[in-house]
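Please keep the sequence and the structure in view while reading.

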Amino acid sequence: MRTSLLVMILLVGFRAQAQTAPDSLFIVTYTTGPAWDVAKQPNEQPWFKDHSANLSKLRKEGVIKAGARYADKGIIIVSAKTLALARELIMADVAVVHKLFVADVQRLNVFYEGCLERPK
């Protein structure tokens, strides 16, 4: 009985710690997937509008901290409690599910803090 009680107390403590742990930053790199039709413009692709709406929602919620495009890739910086939660959030995007985009989510270790702004 004592062992069960001790285990329950430890589990509750671990859950509370996980819920209050500070968020970490993760970088998501998007590339076009096998469902991308090169003959169509981005806004003509299936699931593209849904993907854009999802990113807009995440920006408004403060999950997305920054975003950019380079070469044929797109990146976003997201905030989440764990890598697993960040991946779950990104992989649920309908455009990723349907392979319009391939998303790679990795922990981001910032070594130089600063501010990104668009050039004027």
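How many aromatic pairs does a search of the whole structure find? In this model, which is a predicted one, the search finds four aromatic pairs, and two of them are described here.

| Aromatic pair | Centre to centre | Angle between planes | Geometry |
|---|---|---|---|
| Tyr30 and Phe101 | 6.0 Å | 70 degrees | edge-to-face |
| Trp36 and Phe48 | 6.4 Å | 70 degrees | edge-to-face |

The pair of Tyr30 and Phe101 links distant parts of the chain, since Tyr30 belongs to strand β1 (residues 24-32) and Phe101 to strand β4 (residues 101-107), 71 residues apart. Tyr30 and Phe101 are both buried.

The pair of Trp36 and Phe48 is edge-to-face because the ring planes stand at 70 degrees, and an angle over 60 degrees counts as edge-to-face. Trp36 lies in the loop between β1 and α2 (48-60), whereas Phe48 lies in helix α2, so this pair ties together parts that are 12 residues apart in sequence. Phe48 has a relative accessibility of 17% and therefore counts as buried, the limit for that class being under 20%.

Taken together, Tyr30, Trp36, Phe48 and Phe101 are linked by ring pairs into a cluster.

A further residue to look at is Thr29, which has its place in strand β1. Is Thr29 buried or exposed? Thr29 counts as buried because its relative accessibility is 19%. If residues up to four places away in sequence are not counted, Thr29 touches Tyr70, Lys73, Gly74, Ile75, Val102, Ala103 and Asp104.

Notes. Residues are numbered from 1 along each chain as its sequence is written. This is a predicted model: local features need pLDDT of at least 70, side-chain atom pairs count only at pLDDT 80 or more; totals for chains, interfaces and linings use all residues. Side-chain values use heavy atoms; hydrogens and water are left out. Rings of Phe, Tyr and Trp (its six-membered ring) pair if their centres lie within 6.5 Å; planes under 30 degrees apart count as stacked, over 60 as edge-to-face and the rest as tilted. Helices (H or I, at least four residues) and strands (E, at least two) are DSSP runs, numbered from the N terminus. Buried means under 20% relative accessible area, exposed over 50%, partly exposed in between (1.4 Å probe, protein chains only). Contact means heavy atoms within 4.5 Å.
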